[in-house]
Amino acid sequence: MKTDSHPWPTLLFLLATLLLALQGCSDYPKDPDKTLQKVENGILQVGYSDNPPWVVKTGQEPTGIEPELVKGFAKSIHATVRWHNDTEQNLFEGLKRKQYALVVAGITDDNPWKTEKVGFTRPYLKGNKKHVMVTIQGENAFIVRLEKYLHQQEKATPKHQQP
Amino acid sequence: MKKLKQFEFPQELVPDFEKAKRLEWITIAYFISSAIGIYLTMGNSQTMKTAWYDDVLSLTPPVAFQVASRVFMKPPNKEFPYGYHRAVSIAYLCSALALFALGAFLVIDSSISLAKTEHPTIGTVVVFGHQIWMGYLMIVALLWSTIPSVILGRKKLPLAKKLHEKNLYVDADMNKADWMSGAAAILGVIGVGFGWWWADSIAALLISVDIVHDGFGSLKQAVFDLMDQIPKTVTNEESDPLLEKIRETLASQAWVKDFSFRMRENGHIYLGEGFVVPAHQENLTELIASTTRTIEQLDWRIHEFVVMPVRELPKDESA
């Protein structure tokens, strides 16, 4: 291509316009498999594994830091949570098969499953260990919505109450 | 045997050489900053990983240039009677090989990521208290790794031509062509935002093909240089017109009945031999000396031209 005609200003202008337009869109980024769309006003399948104080298994719904956050998030997108208890290994494999939209088990960012076909959220707490939740790989709309909720909660929680 | 003279660029080209060195320092600093920017926003995107390799690899030609420009000025000595020019070609061969091999690796890596249907996970990041999608930061990092590179490339090209500096030319040409891989990468990230997970691997594949292409071009050039190909213009498209001038000069000498000559490139400079069948034997030494002088004065690049009188030319050798 001939580059002598300086196409840069035009190209940059187009790109800037496109980005601004995208930023304005409420549904950008999108999910390849429409997880957020399916979950909103629907059912949020969550896998969990006992790991106090992050996840505490009880006779009924799990409690603990992470299940409480999940409940709050589900409420924010008008979803009903359906809980599934299993081992961490099985949960990750279920996530790869898209059986769950979300897995909580007190998992940290240095978990070796990070390089597998799953998606780790940004750490939702600033502490010694970077605690994360795990989602289906590449469902970016869902992840962005979840991370936004987690970020708000983090800001709302006073520092001294954080574990 | 005479040692080659210490090589220096002719006086009028020294400022250009200094400018080229300065631009290559800027290039090094720039690509380091660009690689850091890409690294910080990489996430698990295949495109960004490939763009990172691209930036790191773009460091090798300017580094090779800086190292070589220190070495090739060294005067010839007893151990190295031809001087140090070849060091340039060797440095160049190494960087070309690295480029080619890593490019090939990235082609395979990106293809695997496409075949495994890897969906890039791109979350959010908090910048100055604002939570934004990481993809936007990736695009900013990619723009920083593209636009200045193209500008640097365009500035270096004319210098490379003037200095007859092929490494610089290939480097500048690669920088100038960076807009293609930059655009592919940006489109890849935007595509991921639209839910097209494959856009990431496809963009990565395009970039790695471009790296292989660059690598192959440089590798060919480096090998040809080391094999003493006849001097080419810096764009490598045609034989240097200087060769024709030498032929004319030799042909115009009254004392030369028949001749043949060969030239080779040694870094920036040309070395060569002319085999001459003299028309007569009188004053031969003087005639040879004056012909040598005339040819060496044709251009600064002709560093040494040896005129060798012979009884006859080999049959299959035509001038």
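Begin with the largest cavity: select R86(B), V88(B), S89(B), H164(B), E165(B), K166(B), N167(B), D225(B), E265(B), N266(B), G267(B) and H268(B), which line it. This is a predicted model, in which local features need pLDDT of at least 70 and side-chain atom pairs count only at pLDDT 80 or more, while totals for chains, interfaces and linings use all residues. Residues are numbered from 1 along each chain as its sequence is written, chains are lettered from A and ligands numbered from 1 in the order in which they are written, and side-chain values use heavy atoms, with hydrogens and water left out.

**The largest cavity**

On a 1 Å grid over the protein atoms alone, a cavity is a set of points where a 1.4 Å probe fits but cannot get out, and lining residues have an atom within 4 Å of a point. Grid points are joined across faces, edges and corners, and a volume is the space filled by probe spheres set on the points. The largest cavity holds about 120 Å³ of space. At least two lining residues come from each of α4 (86–115), α7 (166–176) and β3 (256–266) of chain B; helices (H or I, at least four residues) and strands (E, at least two) are DSSP runs, numbered from the N terminus. The largest share, three residues, belongs to α4(B). By class, this lining has one nonpolar, six polar and five charged residues. Here Ala, Val, Leu, Ile, Met, Phe, Trp, Tyr, Cys and Pro count as nonpolar, Asp, Glu, Lys and Arg as charged, and the others, Gly among them, as polar.

**The second largest cavity**

Next, select the lining of the second largest cavity, including A51(B), D54(B), D55(B), S181(B) and G182(B). The space inside is about 70 Å³. Helices α2 (46–58) and α8 (178–193) of chain B each supply at least two lining residues, and α8(B) gives the most, with four.

Now select T50(B), which is placed in helix α2 of chain B. Is T50(B) buried or exposed? T50(B) is buried, because its relative accessible area is 0%; buried means under 20%, exposed over 50%, and partly exposed in between (1.4 Å probe, protein chains only). From T50(B) to S181(B) the C-alpha distance is 9.9 Å, although 131 residues separate them in sequence.

**The largest pocket**

A pocket is an open set of points with protein on both sides within 12 Å along at least five of seven lines. The largest pocket contains about 650 Å³ of space. Of its 25 lining residues, select those closest to the centre: K114(A), F120(A), G43(B), N44(B) and M134(B). Two or more lining residues come from each of β4 (118–120) of chain A and α1 (14–40), β1 (124–127) and α5 (134–144) of chain B.

**The sheet and a helix of chain A**

Colour the open sheet of five strands in chain A, with the order β2-β1-β3-β5-β4 and mixed pairing. Two strands pair if DSSP finds at least two bridges between them. The edge strands, β2 (80–85) and β4, each pair on one side only. Strands β1 (residues 43–48) and β3 (residues 102–104) of chain A run parallel and are joined by three bridges. Select Y48(A) to find V104(A) of β3(A) opposite.

Finally, select α5(A), whose buried residues include F142(A), I143(A), L146(A) and L150(A).
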